[in-house]
2 protein chains.
Amino acid sequence: METIFADRISDVPKSFIREILKVTAEPEIISFAGGLPNRDFFPVEQIKTACNEVLDTDGMEALQYSTTEGHNLLRKYISDRYKTKKNLDVSSENIIITNGSQQGLDLLGKVLINENDSILLEKPGYLGAIQSFSLYKPDFNHITLKPNGIDTDELRNVLKIKSPKLFYTVPNFQNPTGVTYDLETRKETGRIIEKTNCFLIEDDPYGELRFKGSNLPSFKEIIPDNTILLGSFSKIFAPSFRLGWIATDNKELYEKLIVAKQASDLHTNYFSQKVLYQYLLKNDIDSHIERICKVYGEQRDSMVNSLKRYFGNKITITEPEGGMFLWVTLPENINSMELFQAAIKKNVAFVPGTPFYASNPETNTLRLNFTNSSPKIIEEGVKRLYEAFLNFSE
Amino acid sequence: METIFADRISDVPKSFIREILKVTAEPEIISFAGGLPNRDFFPVEQIKTACNEVLDTDGMEALQYSTTEGHNLLRKYISDRYKTKKNLDVSSENIIITNGSQQGLDLLGKVLINENDSILLEKPGYLGAIQSFSLYKPDFNHITLKPNGIDTDELRNVLKIKSPKLFYTVPNFQNPTGVTYDLETRKETGRIIEKTNCFLIEDDPYGELRFKGSNLPSFKEIIPDNTILLGSFSKIFAPSFRLGWIATDNKELYEKLIVAKQASDLHTNYFSQKVLYQYLLKNDIDSHIERICKVYGEQRDSMVNSLKRYFGNKITITEPEGGMFLWVTLPENINSMELFQAAIKKNVAFVPGTPFYASNPETNTLRLNFTNSSPKIIEEGVKRLYEAFLNFSE
């Protein structure tokens, strides 16, 4: 039989990163390609205790169908944490538990994007957002990301000629660049968006992973009416649980998201929500995060220092104050895809920049992950990368 | 700010059942409304053991990000079970683990349905399918469901004038009616669909819950090229884990589904997949299912017998050989929505038939669930239902 697929899926390419990760799974390869948290910090024993406690307390309830909104106690925990950590008032009634924040993107696309609606993304931007939103066939508009956040002049100009439905941003330690918006860029972005009908989606999976500097205000504080928050437990607890959330005060939007969530999968894995909540109740997640940050900070320093030592000023790099990634800009004549092929021969891998652009990629860029290798391995990997680079830089 | 939602979500109503379930949560109400499995059969202790074994064996691996396709050993288990239980050849490489079979519906809608594409549903049909597919704005076409399966003349006629993308069917113990397609209807449906480009989606969440009669062949045996299989562990293991699957031999379709799954939530909760697999490895799920069937069969008998005793031939009911639901047709002049209001006053609840029709509902129908109450409670509930009914049947 002949299959005619929906238009929305026809243009979406296979995930480039997924393909790369297959190549880089060989044990002899040092991989800076993935976006994996360091598994040494997964609280295995504490999760085991939490599983037992949940099943001993009311196991049958924890195994039954549950509500689309998510586990009430977990929603309350997230609400409370917004208050204590960021002094934000986010009612637990405005939170939906999702399958990682990735599902938040899909649900927002579902309820907000009609074909050809304008939406704004950072350039370069999070690959998962490009993929999710692509399925709803929007008109992608890119705002250049600079070392201190987006180019606000570009933002202002695009808002003069278009009425975008949403601007998707990762303001803290962005994926792929590691860039954090400074205070002035946040405020200026807020001033520009404030009086429009454009939602600002603040995705903040890495915000708690800060090893240097101090926290900056959420857009929720600056433009509360426009801001939708996405969050995730993947980077501070365990990714395999696929637990994240959406928070919005907009009641009409919230109801539409619930309908979309229910149509998508009824509700998120309730047993896992209960286990996570039990873990949070019995453990000090802040000291857990502190331990993660200490090690990630050392790994980040190792990568920044090795890159400077080997490459000097032949490349430009971001120097993130947190998160999991940094971004490299090669000399203009070097194509990072070709460098990738050479690097694989030297047993080191990274993600070329191309997939992080919905269009017009800058071909001389690449992403490095520093959270999944020890400082020593990082140093060796950067050395190999430099050896590969030497093939091109004559 | 003013929000303009995507067209696809504007028309989708809030789930009627969700609203009803709120009303029926009061403890004094006997509820035949939900679709909950009997929680007494959730294998709490065995799941606890499985959690401990998974975390003790390679806990860190079980907590890391995983593949979009799903846990390989679980996919292999499902493939093997198709072979031993149904003598079907379904390669594990053709299986994607999803968040319940509900997510399978969303993914299939995403990759197959363009706006106004024709799709076929049973009438009445599964509410979750109506909801999921609605978001992709298809042209719904309904095929009347009779006591032995769909009306194949209607199917033949609609295929003469339309080219539907898919026909969604629950051939065993259908939700909402409890109807099972007999062999001749299966074969005739197969003959009609075989040479078309219409996929047949066989959703089979209840197939293993048979208390009477014997199993009938899957459409995968009859029209293998057209058939896509959906399955679920919710009814034989635990719903809160949200674990189901899609199986298709169509490689191109499989790849599109993987792209859609990745864009939707990267992958399904991997820890839960490992726990389920560990449970399946160490326990005899067939005798577990046998125990469930024994009790569900008694509950079904209690409901069928009570309905006959109280109502005699004033109503028509289906007499399912398995599953969780039966279907009542009231006299034409009685509106089941009005009966619902009267029934709630008598402290008994059900789901009126209306939401199971994407259009032109038969207003004198209703769904009863028999798996979540003991035979004694069922008898009492049916008595109350009859008392409510007496208000209308003079």
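I take a polar contact to be a pair of N or O atoms within 3.5 Å; within protein, one must be able to donate a hydrogen and the other to accept it. The model I examined is a predicted one.

**Entry 1: polar pairs across the interface.** I looked up the interface of chain A and chain B and found 48 residue pairs in polar contact, both residues of each pair being at pLDDT 80 or more. I then asked which elements of chain A supply at least two residues each to the side that touches chain B. They are H1 (7-10), H3 (44-63), H5 (100-112), H6 (127-134), H10 (251-265) and H11 (270-282), every one a helix. H3(A) gives the largest share of that side, with 14 residues. By kind, I recorded 36 nonpolar, 27 polar and 23 charged residues on the side of chain A that touches chain B.

**Entry 2: extent of the interface.** I noted 86 residues of chain A in contact with 86 residues of chain B. The area buried between the two chains is about 7500 Å², and carbon and sulfur atoms account for 56% of it.

**Entry 3: salt bridges.** I counted six salt bridges between chain A and chain B. I also looked up the pair A:Asp106 and B:Lys110, which forms a salt bridge with its closest N and O atoms 2.9 Å apart.

**Entry 4: the nonpolar core.** I asked which residues have the most contacts inside the largest nonpolar core. They are A:Tyr168, A:Phe271, B:Tyr168 and B:Phe271, in a core of 230 residues.

Notes:
Residues numbered from 1 in each chain as written. Chains lettered and ligands numbered in written order. Predicted model: local features only at pLDDT ≥ 70, side-chain atom pairs only at ≥ 80, totals over all residues. Heavy atoms only, no water. Core = buried A, V, L, I, M, F, W, Y, C linked by side-chain atoms within 4.5 Å. Buried < 20%, exposed > 50% of the residue type's maximum accessible area, 1.4 Å probe, protein only. Contact = heavy atoms within 4.5 Å. Buried area = accessible area lost by both parts, 1.4 Å probe. Salt bridge = Lys/Arg side-chain N within 4 Å of Asp/Glu carboxyl O. Polar contact = N/O pair within 3.5 Å; in protein donor to acceptor, adjacent residues only side chain to side chain. Helix = DSSP H or I, 4+ residues; strand = E, 2+ residues; numbered from the N terminus. Nonpolar A, V, L, I, M, F, W, Y, C, P; charged D, E, K, R; others polar.
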